[in-house]
Amino acid sequence: MNTKLHRRHFIKLSSAAGGSLILGMMLPMACKTGTKVEVAACDPLQPMPYLKIESTGDITIYFARAEMGQGVNTSLPMILAEELDADWAKVKTDLLPYGVTIERADKPAFGGYYTTGGSQSVLTDWNEMRRVGATAKAMLVSAAAKKWNIAESDCSTANSVVTNTKSKETLTYAELVCDAIKLPVPKDVKLKEAKDFTLIGKPAPRKNLGNMITGKTKYGIDVKVDGMVYAVVERCPVLQGKVKSFDDSACKNISGYLKAIQFDGAGAPMHIHSGVAILATSIWSAMKARKLLKVEWDEAGHGNESTDELFKTFESRSKNKPAIEVFKKGDPAKVKATAVNTLESAFAAPFLAHGTMEPINVIAQVQNGKAEFWCGNQFPEFAPPTLATELGIDPKNIQINLAYIGGGFGRRLFFDYMLEAAKIARQYDKPVKVIWDRVDDIRNDAFRPANYHRMKASWDDTGKLLSWQHHYVGSSINLMLEGPDAKVIGDMNGGATADFWYDIPNVKTGFTHVDFNLQRGWLRAVEININVFPVESFIDELAVKLKKDPVQFRLDLLSTMPKRMTEYPFQDPQRIAGVLKLVADKIGYAQPLQPNHYIGVATHHFSFCPTYVAHAIEIEMLAPKKFRIVKVVAAVDCGIVVNPDGLLNQMQGALAFALTQALKGEITIKNGRVEQDSFFNYELLRYPEMPPIDVHVVQSAEPCGGIGEVGMPTVAPALCNALAAAGQRPYRLPLKKDGYEWV
């Protein structure tokens, strides 16, 4: 990837390559479809390219999503290549430079729509990528038909070749490019039927995988620009604190030391700590000098806050009425049930950090009323308005050069690091590369909010559930981003609405916000993960209480639930039941177990997209609080699967990520400060801890769902339900906090 490839440069390079056919995602708008476009031979048709076919036969397919290990650099180009009938083995893929695309009519955004999150990439780009591929193929076929003076219907395509089905003559795409670009862009093109797919649905190794594992891929931390200097930052340990004074006199003894720059913190939408940046000619000089820097902080009255006190507040607030009613069906308050027919439980989970392998880094240059950034980012269109306000420049004068990301998980949906770098670079006349070390990364993350849930249900004397109440207490991400005037305080159905799928006549969910002085943000599966743990734990607890089989109990409640396939959520109870049955079958749920072995299950639908997942986990209890995970079985129904290899990778990765959270992931605050600072005390799952996992996919012709986050939410409740089957139900995460051990 050329991280310095600007829009203007891209066009120039494309034209200079000679004979090339370039098509963009928004063909109808960009190229005035149905009309002949007057162009010189082999010039590009339009300047927002997603596809480039050169007269040499080289095909490059571009994707406008952040590649951060999830494989979008392969799955999205596969969709286009399928319709194009391209020779996949020879297709190259690359990240489309930010700002090249035009704004999408359905999702307008400054500089184009590049947002990568919520398992949305394939779901969102499915139709557009197919249309670009089909359009290019139609133009190539038309060019071939004219050469042969035959009808287009007498042509077939495969592996970048057009064949005359009568004479068996062939022409390669390379031979047709220069003729094809002179043709009008067709207004309507026919897309393939799923039964005709030859590429989609077959496992495909990740494009550029060799470069990634041999260190050739340039991630953000590898990018260099001419004249840049390095910076590390000493930040106030307490958010909203300030620099009272600093002394850098000792830093001046370090070779390569250049300057210390003080900057203020910032509030919504991007909270950053105030601090002092140490600039030097090398990263090592900057890090050495930082150790000699002396800073006195004003903690602005936030130096006494702790997560211990926060959870006491959560518990207290959960016993009151929900501050915000999120969803109500029937009236649980009017349900009359005896105390013996009522169950009430509380579940809790902590703040979590992203822990990306590649720590935060960014290069910023601010000069002459313009600003330029080089970094990985999942949501680049989010940044320019705030950066422009900070720098007092026009947003159009901000250039963002995107890089590959070494692990995102939602961390780089934020641009706090770009704002911080802007504050530093505006005070220096050269590009400044700010690198966060692991300690900086853990302590200054945008943390997944801690959360607390009070659940209550009642039933009649026959065991039929009558009511369900879910009071979610947490610290809102929306308030962090939008400030106290946020229109929606609860975070995306916080309190379980879309994240609840059982047929119970009286349901009430609510949310109470408890503020806390800590940067909060989205982390992989965010609110779905937050809600599914208590929902699937409590439904399992109810089944045990009512002496019913947990799987059949769920299936009975799903059997009468109506389908809710409105715009949001995509809720099909029968598809939820389908993955639950599949996972129970594959793990041998109905079969006798070995002594001290127990199985727990959990299911959900991912409310951002039409994807349904279930997990079943078998454990062996070795001592009262010591266990071994024998195996994990996952079942997923995400409609049409583009790349089964990518799906498997995502499900395996999600298991590792989710087990980290279930077993030991926790960020704690004491005296206003994050206590964890590295992978030694914020541990990720280790290789020996990864259990065997079988992933089973429901074969389906339903529209594509997402897969990036969907494999996480059911892992923790399935594991906790297995522990409950062994006699001890966990009510809070991580399990390590309550003395559990695992081998």
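Predicted model: local features only at pLDDT ≥ 70, side-chain atom pairs only at ≥ 80, totals over all residues.

Q: Start with β11. How many of its residues are buried?
A: Six of its six residues are buried, so the strand, residues 275-280, counts as mostly covered under a cut-off of 20% relative accessible area.

Q: Which residues sit on which side of β11?
A: G275, A277 and L279 lie on one side, and V276, I278 and A280 lie on the other. Both faces are covered.

Q: Why the every-other-residue pattern?
A: Because side chains in a regular strand alternate between the two faces of the sheet.

Q: Which strand pairs with β11 over six bridges, and in what sense?
A: Strand β8, residues 229-235, pairs with β11 in the antiparallel sense over six bridges. Strand β10, residues 257-263, also pairs with β11 over six bridges, again antiparallel.

Q: What stands opposite I278?
A: V232 does. As for A277 in β11, its bridge partner is I261.

Q: What about the loop between β10 and β11? Where does P269 come in?
A: P269 is in that loop. The peptide bond joining A268 and P269 is cis, with omega about 5 degrees.

Q: And the bond that joins L733 and P734, cis or trans?
A: The bond between L733 and P734 is cis, with omega about 0 degrees. P734 is in the loop between α17 and β30, the latter being residues 741-742.

Q: Is the crossing of α16 and α17 left-handed or right-handed?
A: α16 passes α17 in a right-handed crossing.

Q: Which residues meet in α16 and α17?
A: From α16 there are L655, A658, L659, A662 and L663, and they meet V715, A716 and L719 of α17. By class, that contact has eight nonpolar residues, with no polar and no charged ones.

Q: Different topic. What is the strand order in the open sheet of three strands?
A: The order is β5-β6-β7, with antiparallel pairing.

Q: Which strands stand at the edges?
A: β5 (155-158) and β7 (170-172). Each has a single partner strand, so one side of each is left without a neighbour in the sheet. Neighbouring strands of this sheet are turned by 25 degrees against each other on average, direction ignored.

Q: How many bridges join β6 to β7?
A: Three, with β6 being residues 161-164 and the two strands running antiparallel. V162 stands opposite L171 in β7.

Q: Which strands does α5 lie across?
A: Helix α5, residues 173-180, lies across β5, β6 and β7 and runs at about 75 degrees to β7.

Q: Last item. What is the phi of N208?
A: About 65 degrees, a positive value although N208 is not a glycine. N208 is in the loop between α5 and α6, the latter being 209-213.

Q: How accessible is N208?
A: At 29% relative accessibility, N208 counts as partly exposed.

Q: Where is F409?
A: F409 is in the loop between β17 (398-402) and α10 (416-425). Phi of F409 is near 55 degrees, again positive in a residue other than glycine. At 26% relative accessibility, F409 counts as partly exposed.

Notes
Residues numbered from 1 in each chain as written. Heavy atoms only, no water. Buried < 20%, exposed > 50% of the residue type's maximum accessible area, 1.4 Å probe, protein only. Helix = DSSP H or I, 4+ residues; strand = E, 2+ residues; numbered from the N terminus. Pairing = 2+ DSSP bridges. Left-handed = near helix turned anticlockwise from the far one by under 90°. Contact = heavy atoms within 4.5 Å. Nonpolar A, V, L, I, M, F, W, Y, C, P; charged D, E, K, R; others polar. Axes fitted to C-alpha atoms, helices over the stretch in contact; angles between N-to-C directions.
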